[in-house]
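Visitor: I am new to this structure. Please take me through one part of it, step by step.

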Amino acid sequence: MARKMVVAAGIVSSVVTALTTISGFAISNRLMYLQKKDESLILERETTAKRYDEYWYADVKKCERWIESANGYRIKAIFLEPHDTMRYVIICHGVTENKVNSFKYARMFERLGFNSVVYDHRRHGESGGKTTSFGHYEKIDLQAIVKALKLHVGPELFFGIHGESMGAATTILYAGMEDAADFYISDCAYSDITEQILHVMKTKTPLRRTLALKLASLFLKLRDGYSISAVSPREAVSQIESPMLFIHSKNDDFVLPKMTEELYELKLGPKAMKLFDTGAHAQSFNKNPAAYEETVADFLSAYGLLKKCVTSTQI
């Protein structure tokens, strides 16, 4: 009888271990290889909405660059240079998007007197990298973009960084590590990826328990080399001294606006915040283009970061 119980216990233990392993791989796979949007559909969407102008892109002065990341792959970047200036903005797109989604912001900053750099995050667009890490490895890629821009422009460089969604979280994580930019703009960043994933699990999937998240964190550490708890913009934002503008839409039910409000409260020194009444996740600009540009221009003016001869252009 005892022997049968030992055998039964061993079988149960093996089954539990197997199920745990399968679950851990499945959940971590969904995070590491998050399904991206179709690139042709992104281009069609932005062109149809007149946020991307192929004639402008054909005529604007630009240079395409491959930038080596310390993570061991190349990042595709485009330096857009409509102005004879040393003032630039690096633009970081959100997860599942690509650099085409950044052109609308490049046009806005062009109107405000800046050149810009758009690029593809790891595993997105033309860039290398096998997994998405929600800002952990992406911040190292952004550091490489900053280094390349400094080499390209020289010591007189004046630059900011604009990020949307995961790009905003990446911006904050980078700035907490290396506060090198003259200003930052965070559009709908999450304050902590653990809480963000848990929120998505509870609202968008049948997985509603923290055990699933703990499994995912364990397998991400084993498979992708980082702890999910390390991806926490709330821990980084208090280290940032340069001026920062926080933007969010009140109707965002994917990344809740309270996360931006938390980041704003934790940021020390010069800062501003704008919560738009309309727009879902990452839609503040799309739904409020003129007001968005005015918000950015007012922020830059308030901290002496905008040339006095430049004024915001109505869209």
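Guide: Start with a rule for angles: from 65 to 115 degrees, two axes count as roughly perpendicular. Keep in mind that this model is predicted. Two packed helices are described by the angle between their axes and the distance between the axes.

Now take helix 5, residues 138–153, and helix 6, residues 166–177. Their packing angle is about 70°. Their axes lie 9 Å apart. Helix 5 and helix 6 are therefore roughly perpendicular to each other.

Next, see who meets whom. Helix 5 brings Glu-138, Lys-139, Ile-140, Leu-142, Gln-143 and Val-146. Helix 6 answers with Met-166, Thr-170, Thr-171, Leu-173, Tyr-174 and Met-177. Of the residues in this contact, seven are nonpolar, three polar and two charged.

The loop between strand 4 (115–119) and helix 5 holds Arg-123. Look at its backbone: phi is positive, about 65°, although Arg-123 is not a glycine. Is Arg-123 buried or exposed? Buried means under 20% relative accessible area. Arg-123 has 12% relative accessibility, so it counts as buried.

Then go past helix 6. Cys-188 is not a glycine either, yet its phi is positive, near 55°. Its relative accessibility is 1%, so Cys-188 counts as buried.

Key: Residues numbered from 1 in each chain as written. Predicted model: local features only at pLDDT ≥ 70, side-chain atom pairs only at ≥ 80, totals over all residues. Heavy atoms only, no water. Axes fitted to C-alpha atoms, helices over the stretch in contact; angles between N-to-C directions. Helix = DSSP H or I, 4+ residues; strand = E, 2+ residues; numbered from the N terminus. Parallel < 35°, antiparallel > 145°, perpendicular 65-115°, else oblique. Contact = heavy atoms within 4.5 Å. Nonpolar A, V, L, I, M, F, W, Y, C, P; charged D, E, K, R; others polar. Buried < 20%, exposed > 50% of the residue type's maximum accessible area, 1.4 Å probe, protein only.
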